[in-house]
Amino acid sequence: MNLSNHSSRRRHHHSSSSIVETSRKITKCCFLCIIWFIFSFLFIIIYCFNSPPYSPAIATLSRSEIPIPNFTDSQSPIPDSIPGNSSSIDGCIGKYIYIHEIPIRFNRDYIRDCKSLNKWHDMCRYFVNEGLGMPIGNPHKMLMNSGWFVTHQFSLEVIFHNRMKRYPCLTKNPSMAVAFYVPYYAGLDVSRYLFDSYNISVRDSDSLDLFKMIRETGEWKLMGGRDHFSVAGRITWDFRRLVDEDSGWGNKFMVIPETKNMTILTIESSPWDKNDFAIPYPTYFHPSSDTQIQEWQNRVRKQRRKTLFCFVGAPRPEMGASIRSEIMDQCRKSRQTCRMIECIDNKENCLKPGNVMKMFLTSVFCLQPPGDSFTRRSTFDSIVSGCIPVFFTPGSAYVQYTWHLPKEFSSYSVLIPEGDVKHRNVSIERFLSEIPKGRVVSMREQVIKLIPRVVYADFRGGSRKIEDAFDVTMDGVIQRVQGLKKEMEEGRKDSEEFDEESSWKYYTFGSTKPHQWDHYFNRSNFLQ
């Protein structure tokens, strides 16, 4: 064997292998450089074409002038909402909401001083679980083991604000926002002064101070507040004091010039004013998932109902036009078909969710007469129970919750004219028993389908596909603001030109022509 030749061949082979390996590395590096260049080029193109349009009004604001919402530990920070991520942008175009940062004296401080909110009840327990209240459990074994809370009817501002913090399309950039949310707890503010002798300057001070600040912001000046909205978790009449006298009721939050431009969300709106829109009262049910909603709907469908109709409430003897006494008299006389929880001597009985829900779950129809005002939280408790609501004026629901309830009113409810009850021209038992069974089944199914739209889901439960009352409300707010923007761009004033006294007709039917319900909304009847 020639070791010299063998060694020479080995050196030649090793040299050839090194050249090949070096060549491969160079080729690989060139390929990676080309890929990097292509992706960099595409990123620049996408970023430039998705950049928000230039807005002179916003451009005048410095970064320090743009307020950024304060977040508690339980909140996720607001994304910067800077274009570049097409998957997040596509779902939020035209839906971005900007939350005004306001001093905590206008919201969280009211909760910290919760013992002052109601002179008869301790409200503090209702604000745990971010406004949902304490868990109920499953009294009477008729509910579910989770998803049910002792929620106060006036907790909506807290519930809505906490849900708003988790809205998926929040932005810090005002130029991207379609609407601006003011997280003022107007209902908690005024509730401190409703049942004691406070002068009007004290009652009005917080709302006047807040909007003196808000109207000076660049965000407000874009549309004069027409793209701003807030939630007032009490009925509209607590915020519409028309006289500057200490004897007047409530404060003037909804009648000051700033809020008359805004969209105010209330649990009961005024039929004769343009700036407030009713959204559902909070119920006891706050499902945390789609599965929980569907499970409850199926349970309600199978529920046996032995009682034809029921009523939960108290008479209003001091109100001459009230029909509650007549309704309660009729129920007592219809012992075989009507049941009742009287909230007179033992009001605690009516404040226990288990008692109320058991009554509604075992009844076919639930009577919903007006009380101190047009609407009742009980309407939504009955819908959640699959109990068909019976109204006595269209002011109790039909012209109120136009975003959440069907326009085909008879598809889910019954209307018995209050005048017929007052003058004893109708037997409620006979009227309801004569409704065909097929129609009753159809109405109940429609009521059950409405459940998701009238409940505020437990926002801590993660993502859901089924829209709840909050989702429906946000759709309504965004559509309204977009409509107002379009009017301004086209130089129209459709939303301002109709008679405010006919607001209930305009928002319900899109017309102010004479209507068969006009007699229900003759304002002079309510001023007597």
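Helix α10 (residues 290-302) and helix α17 (residues 437-454) pack at an angle of about 160°, their axes lying 10 Å apart. That angle makes α10 roughly antiparallel to α17, a label given to angles over 145 degrees, whereas 65 to 115 degrees counts as roughly perpendicular. This is a predicted model, in which local features need pLDDT of at least 70 and side-chain atom pairs count only at pLDDT 80 or more, while totals for chains, interfaces and linings use all residues. Residues are numbered from 1 along each chain as its sequence is written, and side-chain values use heavy atoms, with hydrogens and water left out.

**Helices α10 and α17**

- The crossing of α10 and α17 is right-handed, meaning that the near helix is turned clockwise from the far one by less than a right angle.
- The contact (heavy atoms within 4.5 Å) involves Ile-293, Trp-296, Gln-297, Val-300 and Arg-301 of α10, together with Glu-445, Ile-448, Lys-449, Ile-451 and Pro-452 of α17.
- Sorted by class, this contact of α10 with α17 has six nonpolar, one polar and three charged residues.

**Helices α5 and α18**

- Helix α5 (residues 156-164) and α18 pack at an angle of about 80°, with 11 Å between their axes, and they are therefore roughly perpendicular to each other.
- Their contact is made by Phe-160, Arg-163 and Met-164 of α5 and by Phe-470, Asp-471, Thr-473 and Met-474 of α18.
- By class, the contact of α5 with α18 has four nonpolar, one polar and two charged residues.

**Cavities**

- A cavity is a set of points where a 1.4 Å probe fits but cannot get out, and the count comes to three cavities of 30 Å³ or more.
- The second largest cavity has a volume of about 130 Å³, and its lining of 14 residues has Ser-269, Asp-276, Val-399, Gln-400 and Tyr-507 nearest the centre.
- Both β5 (276-278) and α20 (503-509) supply at least two residues each to the lining of the second largest cavity.

Methods. Axes are lines fitted to C-alpha atoms, for helices over the stretch in contact, and angles run from 0 to 180 degrees between N-to-C directions. Helices (H or I, at least four residues) and strands (E, at least two) are DSSP runs, numbered from the N terminus. Angles under 35 degrees count as roughly parallel, over 145 as roughly antiparallel, 65 to 115 as roughly perpendicular and the rest as oblique. Ala, Val, Leu, Ile, Met, Phe, Trp, Tyr, Cys and Pro count as nonpolar, Asp, Glu, Lys and Arg as charged, and the others, Gly among them, as polar. On a 1 Å grid over the protein atoms alone, a cavity is a set of points where a 1.4 Å probe fits but cannot get out, and a pocket is an open set with protein on both sides within 12 Å along at least five of seven lines; lining residues have an atom within 4 Å of a point. Grid points are joined across faces, edges and corners, and a volume is the space filled by probe spheres set on the points.
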